Amino acid sequence: DGVRTAVQIREIFSDQILPILGISNREESCRLLTAQGANSYMLKPLDHMRLLATTQELVKMSRDEITKRSKYADNAANDVKEATNSRDWGSYPHKNRSLPSPDLRAPEASPAGPSPVPSSESRDMDQDMSSDSGAQVCCQKISEMRLQMAQQREQAQKKLSSRILAVDDNPINQQVLLKMLTVIGFKAVDVCSNGQQAVEASIAANATSKPYDIILMDL
C-alpha cells in the first residue's frame with residue numbers, strides 16, 4: 001500500500017516539492033519505496049535526533065524549491081510585462097523625437113595651487129572619528145548578534161510552521177509518531193490511516209495556501 005501511495009503521489013508532486021520519508025522495520029520495503037519515489041527512509045526504532053535532522057533537511061529542500069519556482073514565475077511575468085511595454089512604446093507619437101546630445105567636453109581644469117592646510121576644526125573631527133572607532137566596532141558586533149538571533153528565531157518559526165502528513169494504519173503507531181514529532185518541535189501534523197487518504201489529503205492541502213512540506217509514510 002505504501003509503494004502504491006508513493007507512485008500515486010509522484011504522479012502529482014515531484015520529489016522536491018513534496019518529499020516522502022519512508023519508515024519501516026524492514027530495509028527491503030524501504031528500498032522498494034525509495035525506488036518508487038521516496039526521498040529517503042529510516043528504520044525502526046526511530047532515533048529522535050536523526051528523525052528531526054532528516055525531516056528538517058527535506059522540509060528545507062521543499063521550501064527552497066517552491067521559493068525558487070515562485071521567483072522564476074515572477075521573473076517570467078515581469079519579462080512578459082516588459083516586452084509588452086516595449087511594444088507599446090513603439091506606438092507612441094514621440095518615438096522619433098531626437099534626444100539632446102550629451103555634453104562630451106572635458107571639464108575645465110581648476111587652477112593649480114598649494115594644497116590646503118587642514119584647519120584645527122578638521123583635525124579635531126579626525127580625532128573624534130578615531131576615538132569613536134571602538135564604539136563603531138561595538139555597535140557592529142551588537143548588530144551581528146541581533147541578526148544571528150533573528151535568524152535563529154526565523155528557523156524556529158519555520159520548524160513550528162512546517163506541515164507534516166504522517167501515514168500509518170496502526171492507531172498506536174500513529175499516536176507514537178505524533179507524540180515524537182510534537183516533542184521535537186513540529187506542531188502542524190496530520191495523520192492518515194491509508195494511502196488513499198494520504199493522496200486525497202495531499203491534493204486538498206495543495207489546493208489551499210498551506211500545502212504539506214513532507215510525508216512520513218509507514219510501511
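Author: Leu181 touches Leu51, Ile164, Phe186, Val189 and Leu216, leaving aside residues up to four places away in sequence. Touching here is contact, that is, heavy atoms within 4.5 Å. The model is a predicted one: local features need pLDDT of at least 70, side-chain atom pairs count only at pLDDT 80 or more, and totals for chains, interfaces and linings use all residues. Residues are numbered from 1 along each chain as its sequence is written, and side-chain values use heavy atoms, with hydrogens and water left out.

Now the core around these contacts. The largest nonpolar core holds 18 residues, and Leu51, Leu181 and Leu216 touch the most other members. Strand E1 (20-24), H3, E3, helix H6 (171-183) and E5 each give two or more residues to this core. H3 is the top contributor, with four residues. A second, separate core has 17 residues, including Ile9, Leu33, Ala205 and Tyr212. A nonpolar core is a set of buried Ala, Val, Leu, Ile, Met, Phe, Trp, Tyr and Cys residues joined through side-chain atoms within 4.5 Å. Buried means under 20% relative accessible area, exposed means over 50%, and partly exposed lies in between (1.4 Å probe, protein chains only). In soluble globular proteins, nonpolar side chains tend to be buried together.

Helices (H or I, at least four residues) and strands (E, at least two) are DSSP runs, numbered from the N terminus. E5 is mostly covered, with five of its five residues buried. Both faces are covered. Ile214, Leu216 and Asp218 are buried on one side, and Ile215 and Met217 on the other.

E5 has strand partners. Two strands pair if DSSP finds at least two bridges between them. E1 and E5 run parallel, joined by four bridges. Asp218 in E5 stands opposite Ile23. E3 also pairs with E5 in the parallel sense, over four bridges. There, Leu216 is the bridge partner of Ala166.

Asp218 also makes a charged link. Lys44 forms a salt bridge with Asp218, and their closest N and O atoms are 2.7 Å apart. This pair links distant parts of the chain: Lys44 is in the loop between strand E2 (40-43) and helix H3 (48-89), Asp218 is in strand E5 (residues 214-218), and 174 residues separate them. A salt bridge means a side-chain nitrogen of Lys or Arg within 4 Å of a carboxyl oxygen of Asp or Glu. Asp218 counts as buried because its relative accessibility is 16%. Lys44 has a relative accessible area of 32%, so Lys44 is partly exposed. A cis peptide bond joins Lys44 to Pro45, with omega about 0°. Pro45 sits in the loop between E2 and H3.

Arg63 forms a salt bridge with Asp213, with the closest N and O atoms 3.1 Å apart. Arg63 lies in helix H3 and Asp213 in the loop between helix H7 (195-207) and E5, so this pair ties together parts that are 150 residues apart in sequence. Asp213 is buried at a relative accessible area of 6%, whereas Arg63 is partly exposed at 23% relative accessibility.

Which pair ties strand E4 to strand E3? Asp190 and Arg163 form a salt bridge, their closest N and O atoms being 3.0 Å apart. Asp190 lies in strand E4 (residues 188-192) and Arg163 in strand E3 (residues 163-167), so the bridge ties together parts that are 27 residues apart in sequence. Arg163 is buried, with a relative accessible area of 19%. Asp190 is partly exposed at 30% relative accessibility.

Glu65, Lys68 and Arg69 are linked in a network of salt bridges. A search of the whole structure finds seven salt bridges.

Last, the setting. The protein has seven helices and five strands. From the N terminus on, they run α-β-α-β-α-α-α-β-α-β-α-β. Of the 219 residues, 26% are buried. Among contacts between residues at least 6 apart in sequence, 71% join residues at least 24 apart. The accessible surface comes to about 15500 Å², and 54% of this belongs to carbon and sulfur atoms. Such areas come from the Shrake-Rupley method with a 1.4 Å probe; for residues, only the protein chains shown count as cover.
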